[in-house]
Amino acid sequence: MARQKSGIKIREEKRDKLEEKRFSLACKLIDKHIDLTKIVASEDKQRSFDLMWLKFDTNLSANKYFKDVKKYSASYNHAVKYCQSRIEDENIDIGFPKLIIQSSRAKSFRTQKWFNDGKRVLDFYLNWVKSLETKKTVDITISDILFTLIFHSAILKAPVLQEILDQVIEKRLKLEQISGLPTITVIVNDESYHTNTYKASKAVHQAQVFISPLSAHLILSYIKEQKNNVINRDRNLTIYKRYQIIQLTQANQGNDVEFGLKRFLMGAIYVLENYFYFNLPEHTWYIVIGEEDTYSLATSNWQSIIYDIQHHTSNQKEELNSRISIVANSSSKEKNHQLAVEIAKLFKRDENAKVAKKTFVEQLEHLNKKLESNHYPLNEKAIVGWLLSKTSNCEVSSIQTYSNRITNRWLALTQDVDLEHYQEEDFVALYNEMIELSKTEKAKNKAATLINEVHQYLVDHYQVESIAPLATGDRAHHRVGYISENMFQALLIKINGLTMTVDEKQALSLALILGHRCGLRIGEIVKIRIHDVAETQNYLEILNNKFGNNKSLSARRRVLLEQLLTEPDIKLIKRVYIKRSDYKSQTLIANQAGLPYKAQALSKMLSSLIKEVTGLSYLTTHHLRHSCLTNFQLMSFLYDKDHQFNNHPSVKFLKSLLPYESDQAVSIINHFETNLAYKKIYALAGIAGHATPSTTFSSYVHFTDIQVGLLLSQTNFKLSFKHNQILKIPRRRRFETGSVHLEINEYLMDKLRPSYLLKPIHSNIFSKTCNEEISKVKRYSFDEVHQILEAYTQKGDYENLMHIYDVSQETFEKWHSNAKQLREASEFQTTKRNPRLFDINNEEYLLPIKDRYGDDRKIMMQMTEKFRSIYLESNDKKSIHQFIYHTLANSQYNKNFISFKCAVDLYNYLQIVCKLVYKKDIRLTYYNYAQAAEKDQYSWSSALKYIPVSQRRNMDDEQKGKFYQNKKQIRVELSLASQTEAIRIENREESLTTISQWTVRTLQIFCHYVYIMIGERVKSN
């Protein structure tokens, strides 16, 4: 008898069927209202689509099946995906609507109970602060330190208070300042706090706590005046026990408060808000009390942004260019799909026989050597190498147990994964997936331990990035980091100096810009297609496509480039867009071959660059996104009209970290944010592509600490004249500062003079690099020459292209003059005064026709870089100029060869051309060799033998009986084989017209563009 389904299961299946029905209905409404044929025929496709979509949305919301908000949202999102699929199948270039992400405002802590508690805490504060009127600095107690930290510095997290009090009691507190704001570095020893940096190779939670000048004065006064050592009983008190003791002491003094520390700290918000008018955004209050998370920067990162420095690292660094080359050109590896079976067989013998360790080790070593000696992927080398490393201190039975736990899942989940290019966050995500395959907590921890060991083997033997130890019970680690604008500009300058093509440099620079300015993930950057970018380049869409999927539903968004990019950034994206505009279905950012970058490969390249430029080993490409979101939140704070900063020096410092001038920053904030304060954080989450602000703040926003410190420096704590005694304000200053809180804070900071955050001994200054005038000649590619001159000859907007590519009028006129020479100068014309390099029927054109096939165009890119290198290194450029001139003066637009009538010319030509292309691609065809004089044969042979016989073709036999068989002068034709030659010859084998070679005009095209760019130098020789 079949088992009857439970009521829960029946209702669940019913809900699923109804949802499928709603999804189907939503798709039918799409088919009804979105007419792709009309959209294609429309002059304004986007407007046509928007109107149709509005009609669809109206009908969807009016339908009785979609009245519920959740049902409407789910069906709307399904319809968006269905519509996108249809439009992409038709390759229509229009933007899509955003998905609906449901979120709700967090429940407020401001309840009636909190309000009542707050009033009682205010009474407590007024009694306590009045007691300070009669005290001198020698009378300050540890209770006073606790209360000033709570009420005057808004420190409302118990573990942070615990650590600061411990530092004060043990006299190890170090007060420093960052741009005029007093600060304390705190290591929080609480297992519930996630870690964010490393100290002595141990992951710790470090907080940069900014306090008010008033609290700083009381703390330092207490430390200075404290004569007696604190007894051990007091030294070891927890914050909660200390609070209970203080409660009793205060109660005996008539200042009673009955509730516990947590309620007391929450009640302190009432005092700060309603008595001091300390105005924080609501979400920041949740961060202050620990209900929401955000993480401070490491000390080394603060040093970088304060002093604009590059840290010196002791590790020997590999040359960046070679690292990038290795990453960019990494090839596919051979895979051993039977490896798991082979490993399992090592542990198996006859039923009663024990596996001998010596035999086991020998077989495992043999397998390891096999993987090492061939091009097998790193994941396979890692698991076998790690198992082999275990043989030094483990028996075979133990190794088998470990292998059973980890080998299969390791090989399954790391298949086709490029571990060489993984960053820390990539490893953590991969390993967490492996750990989750275990069912119990105990099994998960055992798996995590083994994964730690395998990863450490990778670190030791293959130099991959190290990570924090994994275990389900361990504290989570957040990789915090920030790249300031000066650091970012240093990165762009570094890219400009790399040895690579202009196109590659622009691709890397644009990837950096989209990460740092727009907060895009590397995975999103590499999959942006040309038609995901608006034709005006004002915005782009982050969509699922064949190059990759979004991380989540909320990651689908429109990125407003016009608002977020600076003027130089916009110029660059326009350049790249125009260059790539012929490849609508391809990616915006591509490598030298025009192919998309792999996310891990691009991340590895840029991370290597970031580490080298900053000297901070923990910074990666993901911190570009951190920096963007931190900057946006910082702008929201600095340009909030509700805040008055009274020209505090820290404001200038914080604004210097941003990429925008004040006007643009205000414009950005006004564009994205609403007037409703609590909704501002949702604008930030929208830019990040997060469903909730909690995700954004917990991992990506890092300056809330200094913002709290800045507001504290501007807060009026309503002190009376009687407090001048404990503040040690001299009699002559009392009247002056009696009612002016800003003067009190300024006076206290002047008297305290805390040291600035220590600058590292070994470092370089970014600003020196960034501010130096770069006197290098601008480098342009053939693409820029082609597009500008083509636009000029076709009466297009060539001046706009000149602006985008930053080409001066003088440079354009030089290009135009050189291009006209190739058409009009006598040396480039036939005896009939027709141009050699152009079709006589096309009287206006100034450019050569490009090679037909991509593989041949790729060769020209490689020639360009080799030519630049040869040209720069050569002291005598005459031979190079002669090479260019001979190519153009001895070729024709409709022929694929270059003619030679002098043996010396050919010999000299080959010396240059063989440095630009592979010798195997050169073809020589020669005539009249047999009839020529022996002396001529000898002079030509030294040049001809430079090319292998298999690539030379003697036409004497084929020309027998022809009219010029008695001609005595030797003539040679040099041509370049197409990269598709082998395929074309094979395709012609069974046809009536077979061929022996397939050549192209790549050399002529290359020299044509070179002459346009440096023709005046060529002619001078």
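The model is predicted: local features need pLDDT of at least 70, side-chain atom pairs count only at pLDDT 80 or more, and totals for chains, interfaces and linings use all residues. Residues are numbered from 1 along each chain as its sequence is written, and side-chain values use heavy atoms, with hydrogens and water left out. Helices (H or I, at least four residues) and strands (E, at least two) are DSSP runs, numbered from the N terminus.

**Strands**
- Strand S1 (residues 175-178) runs antiparallel to S2, and four bridges join them. Strands count as paired if DSSP finds at least two bridges between them.
- S1 and S2 form a hairpin with two residues between them. Ser179, in the turn, has a positive phi of about 50°.
- Gln177 stands opposite Pro182 in S2.
- S2 also pairs with strand S4 (residues 202-210), antiparallel, through six bridges. Thr185 has Gln208 of S4 as its bridge partner.
- Six of the eight residues of S2 (residues 181-188) are buried, so the strand is largely enclosed by the rest of the structure. Buried means under 20% relative accessible area (1.4 Å probe, protein chains only).

**Largest cavity**
- The structure holds seven cavities of 30 Å³ or more. A cavity is a set of points, on a 1 Å grid over the protein atoms alone, where a 1.4 Å probe fits but cannot get out; lining residues have an atom within 4 Å of a point.
- The largest cavity has about 370 Å³ of space. Grid points are joined across faces, edges and corners, and a volume is the space filled by probe spheres set on the points.
- Its lining has 22 residues; Lys157, Gln208, Val209, Val288 and Asp705 lie nearest the centre.
- S4, helix H12 (282-289) and helix H32 (704-713) each give two or more residues to this lining. S4 gives the largest share, six residues.
- By class, this lining has eleven nonpolar, nine polar and two charged residues. Ala, Val, Leu, Ile, Met, Phe, Trp, Tyr, Cys and Pro count as nonpolar, Asp, Glu, Lys and Arg as charged, and the others, Gly among them, as polar.

**Second largest cavity and H27**
- The second largest cavity has about 60 Å³ of space.
- Residues lining the second largest cavity include His516, Arg517, Cys628 and Tyr660.
- H27 gives the largest share of that lining, four residues.
- H27 is mostly covered, with 16 of its 17 residues buried.

Definitions and conventions
Buried means under 20% relative accessible area, exposed over 50%, partly exposed in between (1.4 Å probe, protein chains only). On a 1 Å grid over the protein atoms alone, a cavity is a set of points where a 1.4 Å probe fits but cannot get out, and a pocket is an open set with protein on both sides within 12 Å along at least five of seven lines; lining residues have an atom within 4 Å of a point.
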